[in-house]
Structures are given as structure tokens and as C-alpha cells.
There are 6 protein chains.
Amino acid sequence: MTETIRLGAVAAARPDTEIIAITPSWGPASVEGFYESFIAAASMLDSLTTYKGKFDGVVMAGFGEHGREGARELLDVPVVDITEAAGHMASLLGHRYGVVTTLDRATGQIEDSLRLAGLMDTCAAITSTGLGVLELEESEEKTERAFIEAGREAIKAGAEVLTLGCAGMSGLQIRMAKELGVPVVDGVGAAVKLVEGLVDLGLKTSKIRTYAYPLDKARPGWPVSEHKK
Amino acid sequence: MTETIRLGAVAAARPDTEIIAITPSWGPASVEGFYESFIAAASMLDSLTTYKGKFDGVVMAGFGEHGREGARELLDVPVVDITEAAGHMASLLGHRYGVVTTLDRATGQIEDSLRLAGLMDTCAAITSTGLGVLELEESEEKTERAFIEAGREAIKAGAEVLTLGCAGMSGLQIRMAKELGVPVVDGVGAAVKLVEGLVDLGLKTSKIRTYAYPLDKARPGWPVSEHKK
Amino acid sequence: MTETIRLGAVAAARPDTEIIAITPSWGPASVEGFYESFIAAASMLDSLTTYKGKFDGVVMAGFGEHGREGARELLDVPVVDITEAAGHMASLLGHRYGVVTTLDRATGQIEDSLRLAGLMDTCAAITSTGLGVLELEESEEKTERAFIEAGREAIKAGAEVLTLGCAGMSGLQIRMAKELGVPVVDGVGAAVKLVEGLVDLGLKTSKIRTYAYPLDKARPGWPVSEHKK
Amino acid sequence: MTETIRLGAVAAARPDTEIIAITPSWGPASVEGFYESFIAAASMLDSLTTYKGKFDGVVMAGFGEHGREGARELLDVPVVDITEAAGHMASLLGHRYGVVTTLDRATGQIEDSLRLAGLMDTCAAITSTGLGVLELEESEEKTERAFIEAGREAIKAGAEVLTLGCAGMSGLQIRMAKELGVPVVDGVGAAVKLVEGLVDLGLKTSKIRTYAYPLDKARPGWPVSEHKK
Amino acid sequence: MTETIRLGAVAAARPDTEIIAITPSWGPASVEGFYESFIAAASMLDSLTTYKGKFDGVVMAGFGEHGREGARELLDVPVVDITEAAGHMASLLGHRYGVVTTLDRATGQIEDSLRLAGLMDTCAAITSTGLGVLELEESEEKTERAFIEAGREAIKAGAEVLTLGCAGMSGLQIRMAKELGVPVVDGVGAAVKLVEGLVDLGLKTSKIRTYAYPLDKARPGWPVSEHKK
Amino acid sequence: MTETIRLGAVAAARPDTEIIAITPSWGPASVEGFYESFIAAASMLDSLTTYKGKFDGVVMAGFGEHGREGARELLDVPVVDITEAAGHMASLLGHRYGVVTTLDRATGQIEDSLRLAGLMDTCAAITSTGLGVLELEESEEKTERAFIEAGREAIKAGAEVLTLGCAGMSGLQIRMAKELGVPVVDGVGAAVKLVEGLVDLGLKTSKIRTYAYPLDKARPGWPVSEHKK
């Protein structure tokens, strides 16, 4: 999964942008629901806390997942989450956009994420394939057909642009766009471009209030990855 | 801190309600900001996942902190977060309510939490003491005066009821109410009463969509507390 | 009707809570629409003005009906209306809730009531049985089936929890919950628990602005019940 | 009071419009707060129910007062409340408008009324003179100065047009407009023009759902005015 | 088209109101979409800039079209756009209103216009006939049937009153109202009544901030109509 | 002015991005207010209609100005307006952002533009220097000090990031950021990066509904620039 996302990011990035893909060292391999999203958020923050390399910006590649505000506190380089990235880009391409995701249970979580990012005003609908996890794994073709169907439903509800409500499905946006006749935004690509843009402009996260650096204090057992050693 | 909160909960609870206070086994002792909030959310979910005892409901006692939706997924008993509990109760007592918290950096996080709970429509203001962590620890009297001042500011902005935007300050709500002449709601007490009420009515968390149980699958290194042993 | 509501309240109340049911002495026996709701609001305020007994809180048991703010002015004990009580409780149990009511004409009135209570953000739908008054009286079974159907419609529109949009149908919430697989909140029970909670916490209505006591002045012909004698 | 309002209505009306001023036969002479507003709403509906004359439309002349939806149910001729009338007219004259009222306690009630009428999006502020009832009666000059001061506050908060948040102060709008350099809308005049306009266009209240006629049934003791005889 | 609109305005106006209909001297004869709407806005402002006659108010008769705020800057007499006029009037006649327009592409533009006028809170739906321009011209009967169908859809979505989302179809509102059993507001008539009302009350556009007069400066090539000569 | 904006765009653009700056051939040289904004919108659309060269995307460089939706209809390449570009970028850098503009009269227009772009939810304040046009031209230093002061006001109102509410002041954002300690986004740079990003991703404007191509029909006198010849 991480490799697929990395390839999608590389495909979107400019030649002179280096993409470093990091997989959190603990927690669920994929995130379905709030419970796993909060675990993954901590694990992702663990990775960012312990990462020794240098980087100019962060793309958070879990659609509808938590943690972006924590990363903004920890770092000063731009942090862009694919959920909001797709929403910002889509808002420029049509009067209203829609999000198409896999599991029905994810729509509430995605709505929450968009609401906090201020992106529900231009969102016409969040639709899902209605497929379960097993069905999604069963057949790529079935999944694709289900995504196209859910896209149609979003368009009927007023969407003129779609965003792909998941990561790691690189290429699907192109096939959906072709079939449905609307632009389809992949959040990974959108986030890469937004980070590149912010870095080019020399813009960093504001540190004056909400995203001020974390306080310097003991946090027993944290980061988890270091305490497990 | 946990003990103070436990005492506040016991004071609010009915005689036949047993309060079991759980301190997460890893992570920050206190939460200031998003970074720590996301760590604490995972640690809290770890505690809920590994707890062997029985219970009828959960009070999440970190004001403005994350994780309530994850707990709702994991369990079917009612889960009530003190941020929303205080807001729901306060909405019944005045035309608009205000939240008074400690650090200025927390106001954005509290606003996010209330927004997702659907409680910003009746919220007139979220004000803070403007004191730093060190100042807050310096003198209880200074802190109390600062809270009263911040309460005044919220009232000026339209609040007719206040909620105490932090846990572990049991008793402060009574002194503030006396000084300012408005009801002041402590989230811990409010959440205890809401959980008692929901349990009495036999109401549990809906499992049909957003809060369906987490999928059954491997999550390497999780729960953290078990893997550290 | 009053007796049915009283029994529902007693069933929800703690053993040490005494329920006193009051029927307004004039006006419509049941309320359908705004015209009757405003009449009933005045009649209810008449009852509260002239009631000689003591009480610690008030449950207003007309779903979507007017007058709660007037009672909050008149008294300082907590006043909780079943419309808002059900909404507050339901908001804790699912991502979005729905209201199921009897007559189609009531949905606008209920929406107004929820909007003023700040409860429309988490409300996914207000649906009705579509039955007329006569049909509702015809057969309990038909009514129940219609409620279940309207509940299904609300769930399809995004509701994960339902509230029963009427009083005096005690027991229906249990059958609906069983049939639909979602929690169903009866406003009377919810309001009883909220009043009990507020009383336990020693919280009363704010008197500093909107709900300050009515001015002391002559109101010819008021209270109506005393002038009719 | 009724006479002053009648004169204001006559001044605004076209020569061929006949103004009939009705004072409710019971309840408070003036309305300050929710308690009195709900009593007055019932009394006003009583007057409309028992009035034997003919009329083409209704102006409800209590600013921020209840009952308009009840009157819309009872009748099919247009019913326009001065609160909303002033807001609709003011929205046409500036980017945002403000409301200036007498008592501080009334601002919440006015906000509720405007919110239900869909008029809060263009409302920048609701300010009050801060004077008590006694002070208001003390001196007309003092009241006028206080209104102008409250108008200034609303303008500072973004208002470019003002509405007079009370009835029976005919003429004040002209002096305020002169002093503050902004249009000031008197709700009575605005409502008269809106009713005239609706009547000219042959438009009546919709009867298909929310404002369908009240059901035909017994309402013991109602109308109050007939039962007192 | 201009003549049809003029006749509609005359029919709505009082006998002592003189209607002067102005057709912009350049640009599209009819407006379909944003591109033409912005051209027409400039052309309309050109007409207002160069018009030598006297007038007491302006009705802008392009439904969902741009420019009203520019006209408010240029003039001090009341400027009322038919989009907002219909919305204000309709808000007085039912709990929610709907807009029925011709082309599907226009719904977004109309929504924008209503949103800026603060009229989306009471708008339940904006529906369209779904017909293309050619089909609309083909047969009046077909168009009328399509309008009635779109009206039905809006009513199903919660509308209790309709507004006619186009100009120059005078009379259609009467046939729709008859067929659908709801009031249907024609924006031209509504705007005429609102301008008459504002003029009667001596109210003019606020000049203190947003609609202050345009600055006095050179604008090469403007007004276009004078430079073409 | 155009040259300054061009230089700002070039500074933000990647080396392989060619910037072509176009000045509309008629209308006001600078835009202050709605009247000029609507004229400039038509003139800008004229330029886009008659431009013979090739381009991959459009940056509309008038802050708070009209016409973006018209350009989206006319073209299929991405069209990004600096008002929304700055808002989208700023939303990624802080919890709330603020806009600082020159003239007080512009704040309403900017608010409208942001509202339609769905960017008011994360906007804490739109403040202005309060200076008149003449004062702005008087002294660069005075203007800069006024901008910094207005920035402080926005920060006090909750902004953690600022956007520069005007074009053609390249460099000011850097000095403001330094002085105020917050990121300051220049819309021109932000829009260039967003267009570059959209072009890289192969994304174009949706043509299925609101932004479908203008109909093919005669528009007498249009484009103005060709008819003047």
C-alpha cells in the first residue's frame, strides 16, 4: 500500500521533488474507521517525532484520517492531508464537488475531516461504494464499477468534480474521469502539488497559537517505537 | 490529576453508581495541544481495549481531547466526552453558553471538538486565561482570578452560562458561579449524569454505520501496553 | 394522554424522583400545528404561574411545542423540553440522528424548535408517517408500521439514531429500536434524566439576560385560569 | 401604544389602504421577554379568531414577538411580522444590517425570531440601549440618545442599515437616520408595504403543509375572550 | 423580451407608478450562464450610467444575474433584483420556498445569488426543467408542463411556495399556482412592489461603506456605449 | 500595476512556467468597489475571448473581483482567482486566517467572494487599513504601517495566517510576515502555484453543468474591443 501511494506521489511530483514514503512502525496496516484512525494518528506522529532525515513538507496520505493538526504542531514545514488537499483543488474546478469512498462507515469520518478543514460548503455529497472490505479485495473490476456508480450518485446530488476518497488506488481517478466525464482529483497528487507550492512560496505553518510547538515535557512510554526497543 | 477527576465524578454520581478511574498507561500526564491529544487518544483507546473489568458507560475526561468516536466504535455502552457533555447541559440553561479554558492555544482545539458535536450554534465564545503552563502551576489563586476574568469576557461576548474548559479543577465551577452570578458547568459532572441517564434508559451507541465495531484484523504492535511487556 | 406521559416519565425516573403530571386547564387536548402550540404555550405558562406546589425542575412534554423559553424566564429551576432533550441524548449515540413524527405538517415546526436549540447540525432528517389524525387513531398497528417506515426513511437519509417525535406513545420506542436495529430515544425519558442530572449538579437557569425573571407588572386577564373563576 | 403604532401604519400606508388596529383583549399591555411574548401570542391569536370584520392581510406589530406562524395557519391572507419585515427591507439597502432594541434581555429573543425567518445571514449585530424599563420611560431624550449610541455600536460591528427593534416609537427612525447617516427601517412601515405588495400581487399563505388550517376540534376554554364573558 | 417584462411590471405596479423599461444597448439578448451574466452586468451598468432620465428606483430583471451591488454603488435610489425580491416575498408565505428555473446550468448561479442575498436558509430547492434552450423555444406548452414538473420536484424537496426562476414568462406563475396549489411568486412583480414600498418609506441605499459611490476617476473606454459612437 | 503583478507571478512561478500578463483593453486601471469590479469582469472576459495565444491556465489577479465563474465557462483550462487561491493556501497553515485589505469599502466585496468560494468557515476576519485611495498613494511607508496594524487587528480576532487582500503589492507580504510573526500569503503567488499544480495533474474545469461552455449565439457589440475598432 505504501509503495502504491509513493508511486502516485512520485508521478505527481516535479522531477526535482524527492518523495520519501514512511510507513508507521506499528498499528493497523490499513485504516477503516475511527478506532484505527486514532491509533494510526499516534503511530504517524511517532514516525514524525523519531524520523532523523530532513524534509521540506509532509503529505499525510490517509483519506479522512486523523492527526494533521498534531503534525502541524510538531513541525513548522507545511503539512497537507490528502482529504483537504483534494477538497481544495476540487473547489477550483466546479461549483460543487463530491467525495467517493469505499466503505459506507467512512462517510461520517470524511465529513468530519472536511468540516474542520472548512470544506463542507462546496461539498455536494460523500458517497460510498457500499462494498465491504472483503468484496473490495475480491475483484479490482468490481471495485472500479462500484466507484463509478458511486460517482454517478454524487454527480446526481450536485457534484461537478469528484475526489477519490481513499489512497493507494492510483490510476482509478483517470479511469473514473474518462467514464464519468468530470475531473477526478486524487488526494495524494493534490497534496504533493500543494506542498510543493507552499515550499516554493516559502510558507510555513503558523506558530502563534493553535499550532505552537508542543511543550517540552516528559511523556512516559513515548515515542512508542523507541520504548519497544 | 486522575484522582482529582475521580473525586469530582464521585461527587456528581448517584450513590449507586460506581466510578472506576483509569489513567492511560503511557503518554503525557496532561494534555496541552493537538500533538499530545492524539497520543492520549491512542493511549486511552489502548486502556479501553485491554481493560478486563466490566462497566456500563464511559466518561472521557480530557477537555477538548480526541478519541470519543474511536471509543464509540470499540464499545457499545454509552461514551460521553466532557467537552460535549458540558455543552449539552449548558445549552439547557441559557440562550448561549461560553467555554473558559486555560491556555490560549487550546481554544481552536475546543472549537473543533464542539463543532463536530454540533454544539457551536449555541456557543457564544471560547475564552482563555491567557496564562502559560508555568503560571498556572504557580498559584491557585492567580489561576482562579484569571478564570473569573476569562468568564467575564465570555459573558460580555454573549454567554449566559459557562462551562469549565478543563478537567481536574473540581470546585472551581462553584467559586466561579458565585463570583459571576451565572451557572458554571463542570464537564466531568455533566458527563457522569449523561451516562447515568443513558444507562437508565437502556440506550447504547448505534452500530449501524459510523460507529460499527472495528474490523477484526491484525494490528502489529497494538495494543501498545501489551507489546511493551 | 397526560396519564400515558406520566407513566412514561415515572418509568424513566429514579425511584426517589417524584413525578407530578400537570394538564393545562384550558386549550386543546392535543397539539397539531403552530396555532394550537401557541395556545398551549400560554396555557402551560398559566399552569406554571398558578401552581402552588413545589418542584425541582420542569419537563415540557409537547414535542416541537412552544413555551420553553417562557418557562425558563418564569422559574429558576431547570426547564427541559422533550424535543431538545431527545436531540441532546441522540447526539451522543450516533454521528447523526433523525426525528420521526406523526403528521407531515409538524416537520417544519420541529425543525424550528431544534434549530433554536442548536440541534440541527447533527440532525439528518425529520420524517413523518404521512398519516392524518384520523388514520392515526384508527389502528395502533397501522401507526406503528408507519413509524417504522418513516424511521427507515430517516436512516436512509443518514440518521443512525432516532428520536420519537411525539409524546404519549410510550413503548413505541422499544418496538422501533428492535425492528430497526438503532437506538430510539423517547423525549419524555430523556428530559426526565436531564432534569434529574441538572438538579443533582445543583444547576439552575441563568438569570443574567435572556431568561431574567418577568417584570413585575399588571397583565389584565392573566393568568386566564384565575380570571375565569 | 396601539394608537401610536396605528398612526405609524397609517403614515406608511397608501391612501387607499385602510388600517384597523386591534389591541388584544387580555394579557400584558407591553411585551418584555419570552414569558409575556407567549401570553401575547395566544391573546393575539384569540383576537384574530374572534374578529368579525374583513381584512386583506395582517401586520403583527410586536418586535421579536411570537405567534406569526400560528396566524399563518389560522388565515390565508398574508401575515407579516414587523421583525422580519424590517429585516427583509433592510437586506435590500446595505451589505449587512443591524437591529437596535431597548432592553438587553430582548436581543436573544430577536435573534431567535430572525433566525427562524432566515434573516441572520445578513444581520451584523443586534444591539440594545442597555436601559431598563424605568429609565426608558423617564425621558424621551435620554432614550433617543441611547438608541443612537446603540446604533453606532451596530454600525461599528458591520451594519450599514439599521432596523428599529421595537414598535410604537414612530418618528425615531427618522431622527436616527439623520444623526447616523444610514437608512433606518421601522418594522411597522415595512410590514405595511409588504402586505400591500403581497395583496396587490394576489399572493396568499401556502396551505399545503406547515401552515395548513388548524384542525377542526374542541379546545376547551378557547378562545379565552369568549369564555370570560 | 424586454416588452414582456415591461408588461409584467406594469401589471404589478400601482396606477401611479410609471414603469420605464430599458434594454442594454450591447451584449447578449438573453442571458444563459455566468459568461453572459457578467457581460450583461457591465452593459446594464452602462445603461444606468448613461441614462439621462429621472427615476425613483431600479428593478433588475435578470433572474440570477449579476450587477445589483454595482448599481447600488452607482445610485442612491433603491435597487432591487428580481432573484432576491422573489425570495424575500416567498419567505413570508411558507416555511420554505423553492425556485424553478429553465436550464440546469443556471441552478448554481441562482444559488450563488440567493446565498449572497442571505436567502438560502429558507430555500428548500432550486430545480430546473432540464430542457435545453432549443426545446424551450419549441413549444410553450412543453415548457409549461416542464415547469410544473420541476415545481412538483421542489415541493417534494420541502418547498411550500415557489418562485419563477426567470423573467419574461409573465402569466406562467398564475397557471403554475393553479395547477400545483401553492403560491408562485414572479420576481418582476415582487421587485416592483418592494421598490414601491421602499420609495414610499423614503428609504435609500446606505452609502457608508460597501455601497459608497464609485470613486471619481478615468475609466478608458467606459461607458462602452458612448465610446462606440 | 500589471507589470508589478507580472513580476510577482514570475517570482512565484517555476523556471519552466511562462507568465503572460494581460491588461484589459478598456475599463478602470484599478478596481475599487463593485461598480468597477463588474466593468473589469466584462473587460477581462473580453480579453480572454479575443486573446489569440495559447495558455495552460489563468490567474485572475484582482483581489475580491468578479468574473472567475465566467472565465471558467469560457475556457476549459484551470482558472484560479487570487482571492480564493490565498484563502485555500492560508487554510493549510493555521486554524483560521484573516484577510488584510486597503479600503474599508472592499471588505464586503471580499467576504462575498470568499463565501461563494466556500472559504468563510476558516476566515476569522477581513480587516482594512482604513486609508482612502489618496492616502494609500501618498506614502509607501504609511501604507505598510497601516497594513501591519490591520494585520494585528485580524490576529486579535483569531487569525493565525494572513492573506494580502490586494494585488500589485509584491514584497509587502514578506515584510508583514517578518513584523507580525505569522505567514502572509500573497494571492498572486498562491494562484500561480495552484494553476501549476492543476496543470501538472492534468485537471481541467468541469463542463457538465454550471461551467458548461457558453451557448453559441449572437451578442451584439461583443466583444467590445473588436467593435470599437
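Modeller: Two residues are said to be in contact when their C-beta atoms, placed from the backbone, lie within 7 Å. The model before us is predicted, with local features needing pLDDT of at least 70 and side-chain atom pairs counting only at pLDDT 80 or more, while totals for chains, interfaces and linings use all residues. Residues are numbered from 1 along each chain as its sequence is written, and chains are lettered from A and ligands numbered from 1 in the order in which they are written.

Biologist: How many residues of chain A are in contact with chain B?

Modeller: In chain A, 40 residues are in contact with 40 residues of chain B. Helices H2 (34–50), H3 (68–74), H5 (106–116) and H10 of chain A each supply at least two residues of the side that touches chain B. Helices (H or I, at least four residues) and strands (E, at least two) are DSSP runs, numbered from the N terminus. H2(A) gives the most to this side of chain A, with eight residues.

Biologist: Which classes of residue does the side of chain A that touches chain B have?

Modeller: Ala, Val, Leu, Ile, Met, Phe, Trp, Tyr, Cys and Pro count as nonpolar, Asp, Glu, Lys and Arg as charged, and the others, Gly among them, as polar. The side of chain A that touches chain B has 18 nonpolar, ten polar and twelve charged residues. Other pairs of chains do not touch: the nearest C-alpha atoms of chain A and chain D are 15 Å apart, and for chain B and chain E the nearest C-alpha atoms are also 15 Å apart.

Biologist: What does the domain assignment of chain A give?

Modeller: Domain bounds come from an automatic or database domain assignment. For chain A, the assignment gives domain 1 (2–82 + 190–207) and domain 2 (83–187). The C-alpha centres of these two domains of chain A lie 20 Å apart. Their contact takes 18 residues from domain 1 and 22 residues from domain 2 of chain A. H1 (2–12), H2, strand S2 (79–81) and H9 of chain A each supply at least two residues of the domain 1 side. H1(A) gives the most to that side, with four residues.

Biologist: What span should H7(E) have?

Modeller: The expected span of a helix is 1.5 Å times one less than its number of residues. The 17 residues of H7(E), residues 140–156, should therefore span 24 Å, and the end C-alpha atoms are 24 Å apart, which agrees.

Biologist: What follows H7(E)?

Modeller: Most residues other than glycine have a negative phi, and most peptide bonds are trans. H7(E) is followed by Gly158(E), whose phi is positive, near 120 degrees. A cis peptide bond, with omega near 0 degrees, runs from Trp222(B) to Pro223(B). Pro223(B) lies in the loop between helices H9 (187–200) and H10 (224–228) of chain B.

Biologist: How many residues apart in sequence are Leu48(B) and Pro223(B)?

Modeller: Leu48(B) and Pro223(B) are 175 residues apart in sequence and 9.9 Å apart in space, C-alpha to C-alpha. Leu48(B) is found in helix H2 (residues 34–50) of chain B. Leu48(B) counts as buried because it has 21 C-beta neighbours inside 10 Å. Leaving aside neighbours within four places in sequence, Leu48(B) is in contact with Ala71(B), Leu74(B) and Leu75(B).

Biologist: Which residues of strand S3(D) are buried on each side?

Modeller: Tyr97(D), Val99(D) and Thr101(D) are buried on one side of S3(D), and Gly98(D) and Val100(D) on the other. Two strands pair if DSSP finds at least two bridges between them. S3(D) pairs with strand S4 (residues 123–128) of chain D in the parallel sense over five bridges. Within S4(D), Thr127(D) is the bridge partner of Val100(D).

Definitions and conventions
Buried ≥ 20, exposed ≤ 12 C-beta atoms within 10 Å, placed from the backbone.
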